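The following note sets out several points for a colleague who is reviewing the model. Each point treats one residue or one group of residues.

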Amino acid sequence: MCEVGTRPALPAGDRGGGETPPASALSPPALPPGEKCREMGEQPIFTTRAHVFQIDPTTKKNWVPASKQAVTVSYFYDSTRNSYRIISVDGAKVIINSTITPNMTFTKTSQKFGQWADSRANTVFGLGFSSEQQLSKFAEKFQEVKEAARLARDRSQEKTETSSNHSQESGRETPCSTRASSVNGTDDEKASHGTPSDAQLKTENDKLKLALAQSSSNVKKWETELQTLRESNARLTSALQESAASIEHWKNQFSICKEENDQLRSKIEELEEQCNEIDKEKERNVQLSRRLQELETELQDKELELEDLRKQGEVIPQLMTECESLSQKLQAAEKRNKDLEEKVRALRMEVEESRHRQTNLKTELQTFLDVLDGKIDELHDFRQGLSKLGINN
C-alpha cells in the first residue's frame with residue numbers, strides 16, 4: 001500500500017484529468033520515477049481533479065465540502081490484494097480513502113456532480129467536476145473498476161472452493177492409506193507385536209471393502225456429473241448457434257427499424273418546423289392585438305387632450321389680458337432691478353475702497369508697532385543701564 005500521507009506522484013499523461021491506458025484490461029501502468037510505496041503493488045490507474053464533498057452525518061441531506069478547492073482524485077490498484085481504491089489527499093489530510101466493492105454504485109445527480117456510498121466509511125462521497133466530460137470519464141472508470149472487483153471476488157471464491165475440494169479429497173484418501181498401513185504394518189511393528197490375528201485382518205478387510213465401495217460410488221457420481229456437464233455444454237453450443245442466427249435476424253430488424261426511425265425523425269423535424277411557424281404566427285397575432293389595444297388607448301388619450309385644449313381655447317382671451325398686465329409689471333420690475341444693480345455696483349466699489357483703506361491702515365499699524373517695539377527695547381536697555389549706575393553709586 002502506498003503511503004497515504006503524501007500526495008502520490010502522477011504520470012505526465014494523467015495530470016489534469018487524463019486517462020491512462022484502457023481499463024478493460026485494467027492492467028496498472030508502470031510507476032513513474034520517484035514514486036515510492038511502502039509495500040509493492042499499489043499503483044495509480046486513473047487521475048482527475050474535482051471538488052470533494054461528504055454528506056452531513058447529522059442531517060444526511062446536506063453536503064459538507066471536504067476541500068476548499070479542486071484536488072486530485074485517483075484510482076489505485078493493489079496487485080498484492082487484487083483490490084481497487086479511490087484516494088484523494090488535500091495537503092497532508094486524506095479526504096477520500098474508499099475501497100471499491102461490487103455492491104457500490106456511482107450515481108450522476110447532475111451534469112457535473114456524482115456520488116457514491118461507502119458502507120465501510122459510513123458516509124457518502126460527492127465529487128463536483130468542471131465539465132460533464134470529466135464526470136462521464138470518472139463514472140465509466142468506476143463501472144470498469146467495479147466489474148474488475150467483482151471478477152476478482154469470483155476468482156477468489158473459485159480458488160477457495162477448489163482448495164476446499166482438494167482438502168476434502170486428500171482427507172478422504174488419507175484414512176485408506178492409514179488403514180493400509182495399519183493392516184500391513186511396518187517391519188518394526190511386525191517384529192514388536194508379531195502377526196495380527198484373523199479377526200483383526202477381517203475387520204480391516206471389511207473397512208477396505210467399504211472404502212472401495214464408497215470410492216466406486218463417488219466415481220459413478222462424478223461420471224453422471226460429467227455426463228450432465230457434457231449435455232449442458234451441448235445445449236449451450238446449440239443455444240449459442242441459435243443466438244448467432246437470431247443476432248443476424250435482429251440485425252436485419254434493427255436496420256429496418258433504423259430506417260423507419262430516420263423517416264420518422266425527418267417527419268418529426270418537418271412537423272416541428274411547421275409548429276414553429278404556427279407559433280411565430282401566433283406570436284405575431286398576439287403582438288398585433290397588443291399594438292391595437294395600445295393604439296386604442298392612445299386614441300382615447302388624444303381625445304381627452306383635444307377636449308382639454310378646447311376648454312383651454314375658451315380661456316385664452318382672459319389669459320391674453322392677464323399676460324399683457326404681467327408683461328407691464330415685468331417691465332417695471334426690470335427697471336427696478338437695473339436700479340438695484342447700479343446701487344449694488346456702487347456699494348461694491350465702496351466696499352473695495354474700504355478694503356484698500358483697511359489694508360493700508362494695517363500696514364501702517366504694523367510699521368508703527370515695529371517702531372514702538374524698537375523704542376520699547378531701547379527704553380528697557382536704558383532702564384537697565386540706569387539701574388546698573390544706581391547700584392554702582
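Leaving aside its neighbours within four places in sequence, with which residues is His51 in contact? The first point below gives the reply.

1. Contacts of His51. Apart from neighbours within four places in sequence, His51 is in contact with Ser67, Gln69, Ala70, Gly126, Leu127 and Gly128, where contact means heavy atoms within 4.5 Å. His51 belongs to strand β1, residues 42-55; helices (H or I, at least four residues) and strands (E, at least two) are DSSP runs, numbered from the N terminus. A polar atom of the His51 side chain lies 3.5 Å from the backbone nitrogen of Ala70.

2. Basis of the model. The model is predicted: local features need pLDDT of at least 70 and side-chain atom pairs count only at pLDDT 80 or more, while totals for chains, interfaces and linings use all residues. Residues are numbered from 1 along each chain as its sequence is written, and side-chain values use heavy atoms, with hydrogens and water left out.

3. Accessibility of His51 and Arg85. His51 is partly exposed because its relative accessible area is 33%; the classes are buried (under 20% relative accessible area), exposed (over 50%) and partly exposed in between, with a 1.4 Å probe and protein chains only. Arg85, in strand β4 (residues 83-90), has a relative accessibility of 8% and therefore counts as buried. The side chains of Arg85 and Asn97 are joined by a polar contact of 2.7 Å. A polar contact is a pair of N or O atoms within 3.5 Å; within protein, one must be able to donate a hydrogen and the other to accept it, and residues adjacent in sequence count only if both atoms are side-chain atoms.

4. Salt bridges. The whole structure contains seven salt bridges, each defined as a side-chain nitrogen of Lys or Arg within 4 Å of a carboxyl oxygen of Asp or Glu. Arg284 pairs with Glu281 at 2.9 Å, N to O, and both residues lie in helix α3, three residues apart, about one turn of the helix. Glu294 and Arg291 form a salt bridge at 3.4 Å, N to O. For Glu307 and Arg310, the closest N and O atoms are 3.9 Å apart. These two residues are separated by about one helical turn because they are three residues apart in helix α3. Arg310 counts as exposed at 53%, whereas Glu307 is partly exposed at 37%.

5. Nonpolar surface patch. Leu365, Phe368, Leu369, Leu372 and Ile376 form a nonpolar patch on the surface, with about 450 Å² of accessible area together. Patches are made of residues with over 30% relative accessible area and no salt bridge, like charges being joined within 9 Å and nonpolar side chains (Val, Leu, Ile, Met, Phe, Trp, Tyr) within 5 Å. Accessible areas come from the Shrake-Rupley method with a 1.4 Å probe, and for residues only the protein chains shown count as cover. Ile376 lies in helix α3, residues 198-392, and is partly exposed at 43%.

6. Cysteines. The structure holds zero disulfides, a disulfide being a pair of cysteine sulfur atoms within 2.5 Å. Cys257 is partly exposed at 42%, and Cys323 is partly exposed at 46%.
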